[in-house]
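Welcome, and please have your viewer ready.

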Amino acid sequence: MANGARSDSIVRGFALSSVFWLLVGLGIGLWLAAEMIYPALNLAPWLAFGRLRVVHTNGLIFGFTLAGIFACSFYMLEKLTRTPLAFPGLAKAQLWLFNIAIALAALSLFAGLNTSKEYSELEWPLDIVVVALWVMFAANVMGTLVKRREKQMYVSLWFIVGCVVTVAVVYILNNLAVPVSLTKSYSVYAGVNDANVQWWFGHNAVASVFTFPILAMFYYFLPKSTGLPIYSHRLSIIAFWSLIFGYLWTGAHHLMLTPVPEWIQTVALAFSLFLIAPSWASVLNGFYTMNGNWDKMKSNYLVKFFILGITFYGLQTIQGPTQAIRALSGHLHFTEYIPGHVHMGTMGWVTMIISASMYFMMTKITGREIHSVKLANLHFWLILVGQLMSTATLWIAGIVQGAMWKATNPDGSLMYNFLDSVAAMYPFWAVRLVGGLLYFAGIAVFAYNLYMTSRPMPGTESPASKAAKFQAA
């Protein structure tokens with residue numbers, strides 16, 4: 001078998017779908033950033049901030065990130081197992097159903113159909129579709145692993161399995177609901193229990209979607225694109241099992257200083273701090289892999305995506321646990337600091353790793369070099385500068401905001417009212433919008449470069465079409 005050839009069209013389909021939903025999600029994000037400065041843009045009801053915000057987050061989590069995960073997972077599965085996908089027809093059906101589901105999800109959220117549970121806003125009919133999509137994905141992952149010709153499982157496969165299992169468990173349990181109509185349902189949980197389950201899901205979704213599969217890509221595509229073996233396989237396996245164990249206990253750190261029992265908050269805080277160690281095991285593994293070969297940061301356009309990406313992951317995994325410390329949480333929670341933290345992870349770590357992985361995959365699928373290395377470098381610098389402007393600005397804004405909320409006069413009265421703190425945010429929001437525009441421009445360059453690379457060269461056959469003809473013969 002020509003490794004990977006059988007599913008190349010599926011990988012290409014998911015990769016291009018991912019980039020399309022990335023452009024849509026970022027475009028909506030820019031509109032939201034503009035609404036913060038120009039409230040007249042808040043055109044209710046369809047373009048109201050409350051509706052657009054969930055389209056933005058769901059579009060990027062489900063549309064961009066999941067499609068990127070499907071594309072890269074199918075590619076890595078075939079390569080690392082030396083086995084074609086177990087059910088290629090099912091994967092093709094999954095591609096079509098996925099795009100239909102994302103479009104319907106966006107329309108439903110635009111229309112205001114919303115469970116009001118963060119990152120879990122879809123109503124029950126779409127939840128069922130999400131579960132069906134995940135079963136289709138899991139069938140291919142597990143089926144291919146069962147049939148694999150390569151008996152040793154590289155760490156990337158472990159991370160993909162971790163993603164498949166944990167997403168299934170946390171998504172289904174958090175979305176258990178009682179339907180009262182076709183478009184409305186209510187959670188089976190109530191009060192503090194509902195909040196606890198919600199953030200147990202919320203933080204494990206971060207692990208399952210934004211960490212495990214992205215680390216799988218990092219551990220596979222960094223060595224492949226550099227020709228350097230990963231520094232320590234043992235360290236990567238230790239990191240995997242430690243992350244799996246530690247993440248399950250951390251969700252309640254989103255509920256610090258709330259009615260949730262204090263011992264649950266303390267357990268979540270302790271495991272959050274514990275997670276710094278396995279997270280940095282992967283960061284150091286990446287850095288030591290490059291030891292003595294740092295010149296590749298200049299000579300190989302992909303390396304800087306991977307190294308800056310893992311660096312942002314390292315920063316993210318220090319910032320997140322320290323935010324859980326009660327004294328800091330009391331100052332920073334509900335401020336702009338939190339969106340700043342999230343956007344460093346998504347715009348830096350997640351998007352940089354997926355972008356570089358897609359560049360690598362597309363050149364292998366089409367059998368041609370990247371359309372333009374210069375454009376890839378331009379893409380990198382635009383998203384790096386845009387991301388730093390957006391996130392650093394929000395961190396500073398959050399610290400200022402928290403300080404204003406807590407500032408008191410000598411008599412104990414509040415020094416500022418809430419509107420004072422809103423007015424103080426305008427300069428920060430303006431800089432965030434400019435950073436977002438730069439970031440969007442970088443992603444537009446990426447979309448063009450990837451699309452041009454995905455087209456077969458005139459007069460040549462892609463590895464996929466060669467394989468198809470070989471099989472037909």
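Which residues form one aromatic cluster? The members are Trp-158, Phe-159, Phe-212, Phe-218, Tyr-219, Phe-240, Trp-241 and Tyr-247.

**Confidence**

Please bear in mind that this is a predicted model. The chain has a mean pLDDT of 94, and 95% of its residues reach 70 or more. Residues 468-473 are a stretch to treat with care: pLDDT stays under 50 there, and the model has two contacts for them beyond four places in sequence. Where pLDDT is low, the predicted coordinates should not be read in detail.

**Aromatic pairs**

Searching the whole structure turns up 37 aromatic pairs. One of them joins Tyr-171 and Phe-201 in an edge-to-face arrangement, with 6.2 Å centre to centre and 65° between the planes. This pair links distant parts of the chain, as Tyr-171 belongs to helix H5 (residues 155-174) and Phe-201 to helix H6 (residues 191-210), 30 residues apart. Both partners are shielded: Tyr-171 is buried, and Phe-201 is buried too.

Trp-405 and Phe-418 also form an aromatic pair, this one stacked, at 6.4 Å centre to centre and 25° between the planes. Trp-405 sits in helix H15 (residues 373-406) and Phe-418 in helix H16 (residues 418-454), so the pair ties together parts that are 13 residues apart in sequence. Why is Trp-405 classed as partly exposed? Its relative accessible area is 29%, and partly exposed covers the range between under 20% for buried and over 50% for exposed. Phe-418, with a relative accessible area of 54%, counts as exposed.

Rings also meet charged side chains here. Lys-147 lies over the face of Phe-87, 5.7 Å from the ring centre. Lys-184 is placed over the face of Tyr-186, at 5.2 Å from the ring centre.

**Helices H5 and H8**

How do the axes of H5 and helix H8 (residues 233-247) cross? They come within 10 Å and cross at roughly 10°. That makes H5 roughly parallel to H8, because angles under 35 degrees count as roughly parallel. On the H5 side the contact is made by Val-155, Trp-158, Phe-159 and Gly-162. H8 contributes Ser-236, Ile-237, Phe-240, Trp-241, Leu-243 and Ile-244. Trp-158, Phe-159, Phe-240 and Trp-241 are among the members of the aromatic cluster we began with.

**Backbone details in the loops**

The peptide bond from Ala-44 to Pro-45 is cis, with omega near 0°. Pro-45 is placed in the loop between helix H1 (8-37) and helix H2 (49-81).

Leu-257 is in the loop between H8 and helix H9 (262-274). Phe-334 likewise has a positive phi, near 70°, and is not a glycine. Its loop runs between helix H13 (326-332) and helix H14 (337-366).

Pro-321 lies in helix H12 (residues 303-323). Not counting residues up to four places away in sequence, Pro-321 touches Leu-269, Ser-272, Leu-273, Ile-276 and Gln-316. Its C-alpha is 24 Å from that of Met-404, a residue 83 places apart from Pro-321 in sequence.

Gly-345 is part of helix H14. With neighbours within four places in sequence left aside, Gly-345 is in contact with Gln-316 and Val-350. Gly-345 and Thr-211 are 134 residues apart along the chain, and their C-alpha atoms are separated by 9.5 Å.

| Residue | Relative accessible area | Class |
|---|---|---|
| Leu-257 | 55% | exposed |
| Phe-334 | 70% | exposed |
| Pro-321 | 7% | buried |
| Gly-345 | 5% | buried |

Definitions and conventions: Residues numbered from 1 in each chain as written. Predicted model: local features only at pLDDT ≥ 70, side-chain atom pairs only at ≥ 80, totals over all residues. Heavy atoms only, no water. pLDDT = per-residue confidence, 0-100. Contact = heavy atoms within 4.5 Å. Phe/Tyr/Trp six-rings, centres within 6.5 Å; stacked < 30°, edge-to-face > 60°. Helix = DSSP H or I, 4+ residues; strand = E, 2+ residues; numbered from the N terminus. Buried < 20%, exposed > 50% of the residue type's maximum accessible area, 1.4 Å probe, protein only. Lys NZ or Arg CZ within 6 Å of the ring centre and 35° of its normal. Axes fitted to C-alpha atoms, helices over the stretch in contact; angles between N-to-C directions. Parallel < 35°, antiparallel > 145°, perpendicular 65-115°, else oblique.
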